Amino acid sequence: MYPDLEGKTVLITGAGTGIGQAMARRFGQEKANVVINYFSDKENPDDTIVDIQKNGGQAVKIQGDVSKEEDMRVMIDKAVNTYGTLDIMINNAGIENEVPSTEMTLDNWNKVMSTNLTGMFLGCRDALKYMTDHGIEGSIINMSSVHQQIPWPHFVHYAASKGGPSF
């Protein structure tokens, strides 16, 4: 359907489950090289890799915390070392948890912000640096949420963090 994606290398953060996993599978259908980032051992992207390969794409997985500079650099290095380049960066990783605003601790706020907002910043910065240093006219996609405009009660940290990618 999109032949221009064939052979392109895409790194998707938070691709162990949910929307990230669905995107990884879709890029696989387009015969892309997919780097699947996941955070915890509870997420097992092995089935996703099998699906991608079955559809003609290539895939590798890498565990990492998007809020850590070194982890983000390792993810980009994995894409480049495995497939020779990075063409598309999708900053998808995100977390949420329900906490009434009056009971939210600074640690809870910072955990959501570091994954949802700092992780997006690091992904943008490091992918953009790689792409500009290598003359690649790639794409960087930041996943947002409707909940920056339609916030849920007890999710002020999530709503604030998901508003950042939309600007």
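Asp51 is partly exposed, with a relative accessible area of 22%; buried means under 20%, exposed over 50%, and partly exposed in between, for a 1.4 Å probe and protein chains only. The model is predicted: local features need pLDDT of at least 70 and side-chain atom pairs pLDDT 80 or more, while totals for chains, interfaces and linings use all residues. Residues are numbered from 1 along each chain as its sequence is written, and side-chain values use heavy atoms, leaving out hydrogens and water.

**Salt bridges**
- The structure holds 8 salt bridges, each defined as a side-chain nitrogen of Lys or Arg within 4 Å of a carboxyl oxygen of Asp or Glu.
- Asp51 pairs with Arg25, their closest N and O atoms being 2.7 Å apart.
- Asp51 belongs to helix H2 (residues 46-54) and Arg25 to helix H1 (residues 18-29), so this pair ties together parts 26 residues apart in sequence.
- Arg25 is partly exposed, at 28% relative accessible area.
- Arg26 and Glu30 form another salt bridge, with closest N and O atoms 2.9 Å apart; Arg26 is partly exposed at 33%, whereas Glu30 is buried at 7%.

**A network**
- Asp126 forms a salt bridge with Arg125, the closest N and O atoms being 2.9 Å apart.
- Salt bridges with shared partners join Glu69, Arg73, Arg125 and Asp126 into one network.

**Helix H4**
- Helix H4 (residues 106-133) has a kink of about 40 degrees centred on Ser114, the bend being the angle between axes fitted to the seven residues ending there and the seven starting there.
- Helices are DSSP runs (H or I, at least four residues), numbered from the N terminus.

Terms used: Helix = DSSP H or I, 4+ residues; strand = E, 2+ residues; numbered from the N terminus.
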